[in-house]
Amino acid sequence: MEHIGIDTFLVTVSPMDRHGYFTFGTGNDYSSKVARAAKHLIVEVNDQMPRVYGSLAQLHVSEVEVIVENNVPLLELPVPESSPEDATIGRIIAEMVPDGACLQMGVGALPNIVCSQLSGRKDLGIHTEALCPGMIDLIEAGVVTNRRKRLNTGKTVFTFAIGQKAMYDFLDDNPSVESHPVDYVNDPYVIAQNDNVVSVNAALQVDLTGAANAEHLLGHQYSATGGQLDFVRGAYASRGGKSIIACHSTAAKGKVSRIVARLEGPVTTPRTDTQFVVTEFGWTDLKGKSSTERAKALIALAHPEFQGELTAAAKSMHLI
């Protein structure tokens, strides 16, 4: 924001309350800071945007230059189809989540599958960049209480939310849920203040040293860095925390291995930061492992059809 400058900012907000305050609803990530830095602020008031509490989540009418009303349904995320690999990875990750853990989940089918496997846990907490529908299910089931959080105790914390209408209705005027700016939610120092943080993020590739690429595959840019590295570092620094990078063992309908000798895209999470890696073939904890131990452990998580060529590549790279 300080590098690009903001002339005009247009943002959707919830309706104004009797005190003159709108809220940023499902998206407090950058909106609350950018809105106050822009020279001109235009708000689109949508009566279907939920009223959400939290730090800087409210915007007073006196801060606004132009108001436009447009009452339309919010964008809903299609319910992602899951695969047998997702189900297996979800079960593996769920077994790694203890009672009282504080959860961060990425996006896609996997977070909801992991959440569906946690119905037997007690007193879970949530401090997450993205709030997903599976987390709402855990709150409504009483599995998430946020009682054991050392920071924002009793509150579910997120910076943006995307799901279906039932999720937006749950957020509306709900004091147990708070949105905060991304520079707070994704700050590793803030994340680490809660105990037993379990961070689950996806990767498109993991190389034989443990470096993860979550952005680029098969010649295409699919994503950006997001908050992955923030939560990788914050979770590992948390007392009892676990940072998990998860992926299918293959892509392109089994034609391409996601465990690779070298990344074809950028490094999203450096090898020195990666802790747990999970595929449908199991998991490994890379912390404390030598280069040889890492390569062997990651080859064991690859699809069997690719393990031979990965072993040969590791030998040519003098990893094993």
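This is a predicted model: local features need pLDDT of at least 70, side-chain atom pairs count only at pLDDT 80 or more; totals for chains, interfaces and linings use all residues.
Modeller: Local features here need pLDDT of at least 70, side-chain atom pairs count only at pLDDT 80 or more, and totals for chains, interfaces and linings use all residues. Residues are numbered from 1 along each chain as its sequence is written, and side-chain values use heavy atoms, without hydrogens and water.

Biologist: What makes residues 102-105 strand β6?

Modeller: Strands are DSSP runs of E, at least two residues, and helices are runs of H or I, at least four, numbered from the N terminus. Residues 102-105 form such a run, so they count as strand β6.

Biologist: How do you know that β6 and β7 pair?

Modeller: Two strands pair if DSSP finds at least two bridges between them. Two bridges join β6 to β7 (residues 125-131), so they pair, and they run parallel. Leucine 103 has isoleucine 126 as its bridge partner, and cysteine 102 has glycine 125.

Biologist: Which strand does β7 pair with over four bridges?

Modeller: That is β8 (residues 156-161), in the parallel sense. There, alanine 161 is the bridge partner of leucine 131. The chain crosses from β7 to β8 through helix α4 (residues 133-140).

Biologist: Why is this crossover called right-handed?

Modeller: With the strands pointing away from the viewer, the path from the first strand over the helix to the second runs clockwise. The unit of β6, helix α3 (residues 109-116) and β7 is right-handed too.

Biologist: Why is β7 called largely enclosed?

Modeller: Buried means under 20% relative accessible area, exposed over 50%, partly exposed in between (1.4 Å probe, protein chains only). Seven of the seven residues of β7 are buried, so the rest of the structure largely encloses this strand.
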